[in-house]
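Good morning, and thank you for the time.

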Amino acid sequence: MRVRISQLKSSGKALAAGIHLGLSACAVGLLAMLMFLWWYPPPFFMVDGGWQVLRLIVLVDVVLGPLLTLIVFDRAKKELKRDLGLIVVLQVAAFAYGASIMHSHRPAFMVYAERSFYSVSWRDIGRASADLSVPAALAAGTPAPVPVVAELPADRALRARLFAGMAAGGPSITHYGALYRKLDQVTFERIAREAADIDELARGDSTIAAELARVRMTHPARKLSYVPIDCRYGLIMLVFDRDTLAIVDWMT
């Protein structure tokens, strides 16, 4: 083992792989910060796909890239620059692709329909309709994801077509941006009345009871409402301040 380590040091492999590892870790760290602060703010990072994609980027850029450098690095090789260039190109391509996937799938809206919120991305909305004027206006200058309500059209024929499309495997009602309406105090009071009885749920589940006790201890002076949200990788309970309509906590 001592011989192998000394050989790595003398050949420069360990230094080259270490530099590659440091640069890769910095790039992925900056991407993770961007995701956590803007694209997938808590609690969406873990339940809406942020972590699932980030760990693949970590595997390719922080693990496989430096490992390939460790394998191919040899100062005596004539093709060393070419080999390192190929590794960098593949790594950058994988990084860019992963970042684009994260960006396109980021939760843009929390859409309320049928007694629950649903996490919806711009990609979901674009697949349902080319007209993005309504969701774009609602999202302007507002940190994502934006809470909105999907209001069914008053026209019965149009409503019937929407339901028929869903039955045929088409987009969900929550994906039609033209149906979005701002979440105001009056609408939220209706949502709060429709919400499940959190105390009743806690009596039947010790995990919910423990989470509920934690939330109430953390926010003793607030009037709280509890509404579920269906995300890509799980269902969680959002905790709203009834006065400000802000999300102040969540229950997993």
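Let me begin with residue classes: Ala, Val, Leu, Ile, Met, Phe, Trp, Tyr, Cys and Pro count as nonpolar, Asp, Glu, Lys and Arg as charged, and the others, Gly among them, as polar. The model is predicted, so to speak of local features we need pLDDT of at least 70, side-chain atom pairs count only at pLDDT 80 or more, and totals for chains, interfaces and linings use all residues. Residues are numbered from 1 along each chain as its sequence is written, and side-chain values use heavy atoms, with hydrogens and water left out.

I turn to the pockets. On a 1 Å grid over the protein atoms alone, a pocket is an open set of points where a 1.4 Å probe fits, with protein on both sides within 12 Å along at least five of seven lines; lining residues have an atom within 4 Å of a point. Volume is the space filled by probe spheres set on the points.

The second largest pocket holds about 150 Å³ of space. Its lining divides into 7 nonpolar, no polar and 3 charged residues; among the lining residues are E114, E151 and R190. Strand 1 (107–113) and strand 3 each give two or more residues to this lining, where strands are DSSP runs (E, at least two residues) and helices are runs of H or I with at least four, numbered from the N terminus.

The largest pocket has a volume of about 430 Å³. Of its 19 lining residues, M110, P143, P145, P147 and I247 are the closest to its centre. Strand 3 gives the most to this lining, with 3 residues. By class, the lining has 17 nonpolar, 1 polar and 1 charged residues.

P145 belongs to the loop between helix 7 (133–139) and strand 3.

Finally, the helix pair. The axes of helix 2 (residues 13–39) and helix 4 (residues 50–72) come within 8 Å and cross at roughly 165°; axes are lines fitted to C-alpha atoms over the stretch in contact, with angles from 0 to 180 degrees between N-to-C directions. The two helices are therefore roughly antiparallel, a term for angles over 145 degrees.

Key
Angles under 35 degrees count as roughly parallel, over 145 as roughly antiparallel, 65 to 115 as roughly perpendicular and the rest as oblique.
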